[in-house]
Each structure stands twice: as C-alpha cells, then as structure tokens.
Amino acid sequence: MVDKNKPQEKRGGWLSRFAPGVRKIVSRRDTPDNLWVKDPDTGEMLYRSDLEASLWVTPSGRHMRIDAPTRLKATFDGGQYESIDTPDVPEDPLKFSDGKPYKDRLSAARKAAGRKDTMAIGYGVVGGQEAVVIVQDFTFMGGSLGMAAGEAFIKAAREAVARKVPMVCFTAAGGARMQEGALSLMQMARTTLAIQELKAATLPYAVVLTDPTTGGVTASYAMLGDVHLAEPGALIGFAGPRVIEATIREKLPPGFQRAEYLQEKGMVDRVVVRADLPRVLGQILSMLMGGNRQAA
C-alpha cells in the first residue's frame with residue numbers, strides 16, 4: 001500500500017535517468033514549418049532548398065512568386081548589386097480605415113517584408129550590361145501601386161538617367177492601393193512622365209511582366225517599355241478573368257490573359273523562363289545601348 005503522506009518520486013520516463021547534458025543531445029528537435037512547399041499545380045511536396053536552388057520554379061514549370069530581395073539577387077550577375085534607397089512619402093494622408101487603420105496595415109506589411117514598401121531598387125550588371133533595376137514585390141500588400149511605389153519608380157528612372165544606363169522594371173501588382181484613393185491613381189501619370197525622361201535621354205526601358213500584373217500598373221508603366229518580356233504562365237491584364245466573364249457573360253478562351261496567349265496576340269514580345277532572364281535582358285539592353293537607339 002502506498003503511503004500518501006510520503007513524498008512521491010517525480011517520474012519523467014527513461015530520459016530522466018540521463019544527465020541533463022546527454023538528455024539535450026537526444027531530445028526531439030523542432031522541424032521548421034517551412035521545410036516543404038506544396039506545388040500548386042500537382043500537389044507534390046517540394047523540398048524548400050531545392051526550390052530555392054531552382055529560383056522557385058517547380059518541376060511542373062510553375063514560376064512561383066518571389067520577393068524583391070530574391071528577384072534582385074537572381075537578376076544581377078553574381079547576385080551582386082548596389083541597393084538604392086527609395087524616397088519617403090507621407091503616410092496615410094487620407095486617414096483611411098477599412099476595418100483596420102491603414103497605418104496598422106503598413107506597419108504589419110513592413111515588419112513582414114523588412115522594408116518600407118513594395119518597390120526595391122538596385123544598380124549593377126545584368127547579363128554583362130549595367131542597368132538600374134526596380135522590382136515590384138507582390139508579397140507587400142499585393143504589390144499595390146501607391147505614392148511610395150510611384151516615387152520609387154521616379155527615383156529609379158532618374159538614377160538610370162544620371163548613370164546613363166538602361167532601366168528594367170519587374171512588375172507584379174493587383175492594382176492601385178485603395179487606401180490612398182485618387183493619390184494612388186495619380187501615380188499612373190507620374191510614372192509615365194518618368195518614362196518620358198528615359199526616352200528623352202535615349203535610354204532603353206525594359207519591362208518584365210511577372211505573375212500577376214493587373215490594374216493600373218498594366219494601364220501605365222507595365223505597357224510602356226521598349227521591350228516587354230514575361231515569365232511563363234504570368235497573369236497579365238487590367239481586370240481579372242472572373243470579372244470579365246461576369247461582365248460579358250461569356251466564357252473566355254483557354255489561356256486568356258496568360259503570358260503565352262498574350263505573346264501570340266502581340267502584347268508580349270517574348271516569354272522567358274526565369275533562369276534565362278539575366279542573359280536575355282543583357283543581350284537586348286546591350287544591343288539597344290550599342291546602337292544608341294532612340295527609345296520608341
């Protein structure tokens with residue numbers, strides 16, 4: 001019979017008989033939550049390090065969305081580039097709230113991304129050709145076009161003019177940033193004027209359309225390049241296909257608004273896999289710079 005008044009020995013299983021140092025060695029290790037990534041097309045589980053090595057292109061050919069730092073590193077030769085700061089802009093000028101204050105949404109997005117807004121700018125060598133590259137990051141509030149993005153674009157264009165090098169823009173956006181209202185729509189005109197500065201300096205402006213490029217971005221600087229490249233399968237358009245189908249009450253043709261369909265229709269010059277983009281961009285930009293071509 002067990003004496004209830006007698007202190008009971010604490011039971012911790014067989015590991016409790018080992019010294020604390022040894023117990024730590026054989027203890028269960030935590031497995032990272034993001035060790036595996038699901039292929040959105042096949043459902044196959046892919047090892048994260050393999051995806052990173054393939055520039056986030058799955059075995060099925062899906063070009064997954066990547067953030068700005070990853071894009072810049074993959075674009076510049078040797079992954080080396082000079083980072084260019086983006087300008088500061090007034091925050092929440094409209095004191096907007098959609099159930100959550102805009103300032104709070106900005107703070108959360110900045111904490112997750114580790115930078116001020118959707119645009120990131122770098123200067124370096126792309127495929128042997130010096131260039132200023134600006135990247136629109138869909139992971140930051142859907143790449144939405146706002147005042148900060150517009151100012152960053154203008155800064156990139158003027159950096160290209162000052163350095164006398166071409167400019168490359170990687171687009172990815174769901175549209176204008178509604179929290180900034182008409183101020184966000186004004187960036188369509190302002191970025192268009194910045195492109196005119198490149199043209200006046202006879203410097204090439206190349207656009208790489210990535211998934212997705214929609215809304216006011218498509219209606220402005222995404223479609224004003226001297227050359228338009230696109231990644232395979234990228235969704236490119238103004239309104240989304242579901243909105244169009246609901247409006248016209250008709251089924252859209254297969255592949256509508258995808259990069260390959262738009263290349264066939266002449267809206268995109270060439271569809272290029274991610275790994276080949278630096279080489280192709282370098283060739284095109286070098287040709288345009290070597291010919292001292294007046295930007296079209």
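# Notebook: pockets and cavities

I started with the second largest pocket, which holds about 180 Å³ of space. Its lining has 18 residues, and V89, R110, K116, D117 and A148 are the closest to its centre. I noted that α4 (102-113) and α5 (147-163) are the elements that give two or more residues to this lining. α4 gives the most, three residues. By class, the lining of the second largest pocket has eight nonpolar, two polar and eight charged residues.

The model is predicted: local features need pLDDT of at least 70, side-chain atom pairs count only at pLDDT 80 or more, and totals for chains, interfaces and linings use all residues. Residues are numbered from 1 along each chain as its sequence is written, and side-chain values use heavy atoms, with hydrogens and water left out.

I wrote down my terms. On a 1 Å grid over the protein atoms alone, a pocket is an open set of points with protein on both sides within 12 Å along at least five of seven lines. A cavity is a set of points where a 1.4 Å probe fits but cannot get out. Lining residues have an atom within 4 Å of a point. Points are joined across faces, edges and corners, and a volume is the space filled by probe spheres set on them. Helices (H or I, at least four residues) and strands (E, at least two) are DSSP runs, numbered from the N terminus. Ala, Val, Leu, Ile, Met, Phe, Trp, Tyr, Cys and Pro count as nonpolar, Asp, Glu, Lys and Arg as charged, and the others, Gly among them, as polar.

Next I looked up the largest pocket, with a volume of about 210 Å³. It is lined by 14 residues; S83, I84, R115, A120 and I121 lie nearest its centre. α3 (68-75), β3 (81-84) and β4 (119-126) each supply at least two lining residues. I counted eight nonpolar, two polar and four charged residues in the lining of the largest pocket.

Then I turned to the cavities. There are two of 30 Å³ or more. The largest cavity holds about 100 Å³ of space. Of its 15 lining residues, I66, R71, A172, T210 and D211 are the closest to the centre. β5 (129-136), β6 (167-173) and β7 (205-213) each give at least two residues to the lining of the largest cavity.

The second largest cavity holds about 50 Å³. I found R71, F170 and R274 among its lining residues. α3 supplies the largest share of this lining, three residues.

Last, I checked the whole chain. It has nine helices and nine strands.
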